[in-house]
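Let's take a friendly walk through a protein model, one piece at a time. Have a look at the picture, and then we'll begin with a pair of strands.

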Amino acid sequence: MCGIAGVLFTSNQINYTKLESALEKIKHRGPDGIGSYFFNANGVVVGMGHRRLSIIDLSSLANQPMHTPDGKLSIVFNGEIYNYRELAKELRDLGIVFNTESDTEVLLYAWSIWGKECLQRLEGMFAFTILDKEKNYFYCVRDAFGIKPFYYSCDNKSFFFGSEISVIQEMNENASSLNYQSAYNYLVHGDYDSSSETFFENIYHLPPAHLLEIKLDNFLDIKPQRWWSPETTERKYLKFEDAVEEVREIFLHNVKLHLRSDVPIGSALSGGLDSSAIVCAMRYLEPNMPIHTFSYIASNSDSNEENWVNVVNNYVGAFSHKVSVNSNDLINDLDDLIKTQGEPFGSTSIYAQYRVYKLAKESGVTVTLDGQGADEMLAGYDGYPGHRLKSLLEQKRIFTSINFLKHWSNYPGRSKGLALKYLASELSSGHFYELLRRLDGKPSVPEWINTKALLDKGVKLLKPIHASHKNLPGRRVIEELALSLSGRGLTWLLRHGDRNSMRFSLESRVPFLTIDLANLFLTMPEEYLISSKGETKHVFRNAMRGIVPDSVLNRKDKIGFETPERKLLMCMGPVLNDWISNDLNLPFLNISKIKLEINNVVNGKRPYSKQIWRWLNFLRWAQYNLDKI
């Protein structure tokens, strides 16, 4: 786990020291070492930089940039390849001699032998670049789910890349204008990190499961290529009992590989099914291993999961570490959290995660296992009722859909009306969606938005529609899950986790997110994921019997690392007023209207909504970035 940065340019265009200063921007990602390398390929200079957080093979031999002995290939790599030992054995059988015990060297030789085909063999999280001097190509690669970040930018003369936006801005002074479309999508629709766009013009995410294949004599021709898509064709003859066994086998295999580390390891534990399953699997696989768990406790709140945290910790005999927060904590840390994330984010629940990783680092742990991705592969959250009902209706299973609606609505926080609302949303889109909003009394564009200022910038005012690259009639839950794995949903959770963990030089690992497990879940019949009785993660709950306490497996509610956001923010009145009183010279925002809306909520005249946080987060983020945007 590290940080990378680099640049491609013609030899007379840039100061070489820019890369060194960019690497200082991400020292938190790799405090254990720094390295850089420049290569001139017939007038095109390739600069590759690396910050190291030592996890596997702590020796200096594993430092980066790393090169093959013949000098033909060079790599900078951020992430972990968990099956590096198995791949190393294959490569040794082909005659490769290794000089280190690192996964970086394994990845470098895997590319040298198998090229892009090696990507399907990797079990891990990664963002890396490889310079092939013999072929005169430069490759940029991001893992299947986007666990590790990769940003890039190019102008008419240079190509820049890095693990965080700040390194690109350090190297490219022309990559800092506000992306008005991204700002609008976030503020009005709560949409972010769901495409290649960032909050800055001309800075992009390399999408998950994509690579760039750049020819050095034409390095500004940038066209991302997809290297993996999840399998979604239904295995119609897969028996439920067989599916349970496959899930159990692959999940335990994943956790076992994710425990490989040369530094102390622990786990984030929310008390929910996903993180509890990871902690219990750790104990199942390693009966004598000391397990340290780290939990956020929402004291005096309906979101308090401490009882479930205690159940799991007692079950496995873990060393439990807990943290609670109040409004003063949030006030003290919020600026750092906003700077850490680099771009606006969805809610203060991200602060709970931030504090959990801080606690883990303070407790001497450098690696944690976390449960991100399970909901997006197992139809978690509320079970995607709109998509499931649409699937059943398309299959003309009317009676089954009625029965599902009845059972689904019996769970806490659910109702038949809510399910039908979800279904209506799935049956509508685009202009029809806007018509429904108006019929519901909601304005197409809120009053606090200056429409003309946005239209002048070419902003599209309709709600973003994220079309899946797969159209699966009768399997709409699977279609949505496939989309969420590489687009809307999971991408923002992974961004939150990466920035929060790396802020404290800590590696966060996510055992659910492997290609094998994704392909398994997404080829199952939908009723294996969400049962006819409305139970989410149906097959996984059954797979974990005997490993996870039944009381946890039988839970019907879901909370996670959720903060009592309204209570926390409403106690910050004077601070909030300061945040929204500065003139930011953003003509598309009607600040007086925003102030009025916030005051109405503070005074109890209007109910609290997530919109409050989006205003505050964006305005505070904009204050820090005014010199850039």
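Start with strand β6 (residues 124-132) and strand β7 (residues 137-142), which run antiparallel and are joined by six bridges. Keep in mind that this is a predicted model. To find one place where the two strands face each other, look for T129, which stands opposite C140 in β7. Together β6 and β7 make a hairpin, with four residues between them. In that turn you will find N136, whose phi is positive, at about 65°.

Now look at another partner of β6. Strand β5 (residues 73-81) pairs with β6 in the antiparallel sense, over nine bridges.

Is β6 itself mostly covered or uncovered? It is mostly covered, with nine of its nine residues buried.

F128 leads us on to the largest nonpolar core, which has 101 residues. F128 is among those with the most contacts inside this core, along with L119, F145, W227, F521, M524 and V539. Helix α6 (residues 240-258) supplies the largest share of the core, nine residues. There is also a second, separate core of 77 residues, including F199, V325, L584 and W621.

Finally, zoom in on M524. Leaving aside neighbours within four places in sequence, its contacts include E234, L238, A243, V247, R475 and V539.

How values were computed:
Residues are numbered from 1 along each chain as its sequence is written. This is a predicted model: local features need pLDDT of at least 70, side-chain atom pairs count only at pLDDT 80 or more; totals for chains, interfaces and linings use all residues. Side-chain values use heavy atoms; hydrogens and water are left out. A nonpolar core is a set of buried Ala, Val, Leu, Ile, Met, Phe, Trp, Tyr and Cys residues joined through side-chain atoms within 4.5 Å. Buried means under 20% relative accessible area, exposed over 50%, partly exposed in between (1.4 Å probe, protein chains only). Contact means heavy atoms within 4.5 Å. Two strands pair if DSSP finds at least two bridges between them.
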